[in-house]
Amino acid sequence: MPELPEVETIVRGLEAAVVGRRILAVQVLLPKMALAPVGVQFAPALVGERIVGSRRRGKYAVLLLASGRRLVTSLRMTGRLIVGDEGDAPYPATHVSLRLEGGLRLSFADVRTFGRMRLVEPTEAWDAALGLEPLSRDFTPERFTAMLSGRTTPVKVFLLDQRRLVGIGNIYACEALWGARIRPSRPGKALTSPAIRRLRDAVVDVLARAIELRGTSIDDYVDADGLAGGFQNRLSVYGRAGEPCSRCERPIVRTVIAQRGTWWCRTCQR
DNA sequence: CCGCCGCCCTGCTTGC
DNA sequence: TGCAAGCAGGGCGGCG
C-alpha cells in the first residue's frame, strides 16, 4: 500500500523517466478510473500535453503539465504507475495508458480499481483539504502540539487522518508509534510534550529512512520501474505479531483500532 | 467541525 | 483437498 515513502519513490522515478516528454496518445480502458472536470474529456485533453514536472503531495503523485493542468494519481492500496517501453506487453490490470515521446508508455494499473487518476484545472485547489507535509519545516513540535490538543481520538487514528498530517498510512503509523514508545490507543490530547516531540521525530525518522530504502514492499508496492523497495526488512512491528520486540524482547501484539490492524509492543509502548 | 461507519474491490489466507 | 468466508485497507460520502 503506497504511503508517503512509496509515492515519493514513484514520483522520483517519473521525474527521471517522463518529465520533458509529450503525451502522444491516451487510452482509458476503465472510465471510472480517469476523472476530469465537468465539460473536459480526460483523454483528448491530455493528448499533446507536455509533462513538465513530477511532484508528491501526501500519498498523491502529481504530474505537472505544460498548460498548468495537473494529472493527480491516487494509488490507494494496489495502484501502480509503471513506465515501460511502448513495445512491451501491456502491464497487468492497466486501466489508463499514456503513450509518450521516446517510445515510452506510462501505465496506471490497479487490480482492485480503488485508485483514481484525476485531471485537475490550473486554478483548482484539489488538495485544499489535505494537511501538513510531515517532512516539511512546518512540522514542528509546536504545530504538532496544537494539532493534537483537545483530540479525543486515538493517536494512531490521528496519524492516519490526511486532514491533519499527510502521507502516513497504517505501516508507518505503527512504526512511528513504536519508535516513539507510545501506545496507539492513547487519545491525542493525553500525550505529554516529551511524547509529542518523540512522535514528531519518529514520524520524520521512519519516513526518511523508508525513502532511503525506496519504500516498503509487502504485497503490492513497486516503483515506477516495477522494482520492489527495501524497507520491509526494517519494520519493527508492522505484520510481526508474535515476534519479539527488538527493544524489550516481549512479543509484538496485533489489535484492531478503527477497523485497522495495529501492531505494537505492550511493554515498551505506553 | 468532529468523529464514526460503511462502502468500494479483488486476491490471498484461513478454517472447516 | 477443496471451497467459501474473511480479511486487507485509503479515501470518501453520509450521518449524528
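Is D161 buried or exposed? D161 counts as buried, with a relative accessibility of 17%; buried means under 20% relative accessible area, exposed over 50% and partly exposed in between, using a 1.4 Å probe on protein chains only.

Before you click on, some notes on the model. This is a predicted model, in which local features need pLDDT of at least 70 and side-chain atom pairs count only at pLDDT 80 or more, while totals for chains, interfaces and linings use all residues. Residues are numbered from 1 along each chain as its sequence is written, chains are lettered from A and ligands numbered from 1 in the order in which they are written, and side-chain values use heavy atoms, with hydrogens and water left out.

**Stop 1: D161 and its partner.** Select R164 together with D161: the two form a salt bridge, with their closest N and O atoms 3.5 Å apart. A salt bridge is a side-chain nitrogen of Lys or Arg within 4 Å of a carboxyl oxygen of Asp or Glu. R164 counts as partly exposed, at 25% relative accessibility.

**Stop 2: DNA strand B.** Stay on R164, because a side-chain N or O atom of R164 is also 3.4 Å from a phosphate oxygen of DNA strand B, a polar contact being a pair of N or O atoms within 3.5 Å; within protein, one must be able to donate a hydrogen and the other to accept it, and residues adjacent in sequence count only if both atoms are side-chain atoms. Next, pick R151, where a polar side-chain atom lies 2.8 Å from a phosphate oxygen of DNA strand B. At R112, look for a side-chain N or O atom 2.9 Å from a base oxygen of DNA strand B.

**Stop 3: DNA strand C.** Now show the 13 residues that surround DNA strand C, meaning those with a heavy atom within 4 Å of the strand. R112 is among the closest, along with R76, M77, Y238 and R254. Zoom in on R76, whose polar side-chain atom lies 2.4 Å from a base nitrogen of DNA strand C. Then try Y238: an N or O atom of its side chain is 2.6 Å from a phosphate oxygen of DNA strand C.

**Stop 4: a link across the sequence.** Finally, select E8 and R56, whose side chains meet in a salt bridge (2.7 Å, N to O). E8 lies in helix α1 (residues 4-18) and R56 in strand β3 (residues 51-57), so the pair ties together parts 48 residues apart in sequence. Helices (H or I, at least four residues) and strands (E, at least two) are DSSP runs, numbered from the N terminus.
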